[in-house]
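Let's take a walk through this fold together, going from the sheet to the packing around it. Please have the model open in your viewer as you read.

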Amino acid sequence: MKMLLLSEENVAKAIEKTMNHYFKEVDAEAVTFEPENYQKSVAKLEKIIADNANEQILILVDVFGSVAYIEAKVALAKYGIDDENALIICGLSVPMAVKLHNVKELVSVPYIRMVYENHDRLGYSLPIRNIRKTA
């Protein structure tokens, strides 16, 4: 599963850097949307999504309705990636990124969606104890 961290300014990059304290290798990419590099950021996001269109994509975004959120939705639609293969979760934070990075290879996008929809209306925690490798 491909994991993306998206934000306005440098939040995503800071979280990606912080994750290096927890993991030997961080298998996540950060894309930031800054006014001066906006088109480059859109192009980077679209390239990552296009390159990973055949696998599941987990996108963690800073704020619902932000530029990062909207561009993620647009890019997924552009490449025809549906809800079974992609999930956007808002409220990007270090604990969220670390927890999901730990389990992203053990579960599927539909499973993560189900957990968030049924157990966490705010999108800030993932009950690790409920995750099984067979999910």
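Predicted model: local features only at pLDDT ≥ 70, side-chain atom pairs only at ≥ 80, totals over all residues.

**From the sheet to the cores**

Strand 3 and strand 4 run parallel to each other and are joined over 5 bridges.

Zooming out, you will find an open sheet of 4 strands in the order 2-1-3-4, with parallel pairing. Strand 2 and strand 4 form its edges, each pairing on one side only. On average, neighbouring strands of the sheet are turned by 20° against each other, direction ignored. Helix 3 (residues 67-78) packs on this sheet and touches strand 1, strand 2, strand 3 and strand 4. The direction of helix 3 makes about 175° with that of strand 4.

Together with helix 1 (residues 11-19), strand 1 and strand 2 make a right-handed β-α-β unit. Although strand 2 is an edge strand, 4 of the 5 residues in strand 2 (residues 29-33) are buried.

What about the nonpolar packing? In soluble globular proteins, nonpolar side chains tend to be buried together. Here the largest nonpolar core has 25 residues, and Leu5, Leu58, Leu60, Ile89, Ala97, Leu100 and Ile112 have the most contacts inside it. Two or more residues come from each of strand 1, helix 1, strand 3 (57-61), strand 4 (86-90), helix 4 and helix 5 (109-119). A second, separate core has 20 residues, including Leu6, Ile49, Ile59 and Leu76.

Alanine 97 counts as buried because its relative accessible area is 0%, under the 20% cut-off. Its contacts beyond four places in sequence are Met3, Leu5, Ile15, Met19, Leu60 and Leu92. Alanine 12 is 85 residues away in sequence, yet the C-alpha atoms of alanine 97 and alanine 12 are 9.9 Å apart.

Histidine 101 is also found in helix 4. With 11% relative accessibility, histidine 101 counts as buried too. Beyond four places in sequence, histidine 101 touches Met3, Met19, Phe23, Glu25, Val26, Asp27 and Ala28.

Note on methods
Residues numbered from 1 in each chain as written. Heavy atoms only, no water. Buried < 20%, exposed > 50% of the residue type's maximum accessible area, 1.4 Å probe, protein only. Right-handed = clockwise from strand over helix to strand, strands pointing away. Contact = heavy atoms within 4.5 Å. Core = buried A, V, L, I, M, F, W, Y, C linked by side-chain atoms within 4.5 Å. Pairing = 2+ DSSP bridges. Axes fitted to C-alpha atoms, helices over the stretch in contact; angles between N-to-C directions.
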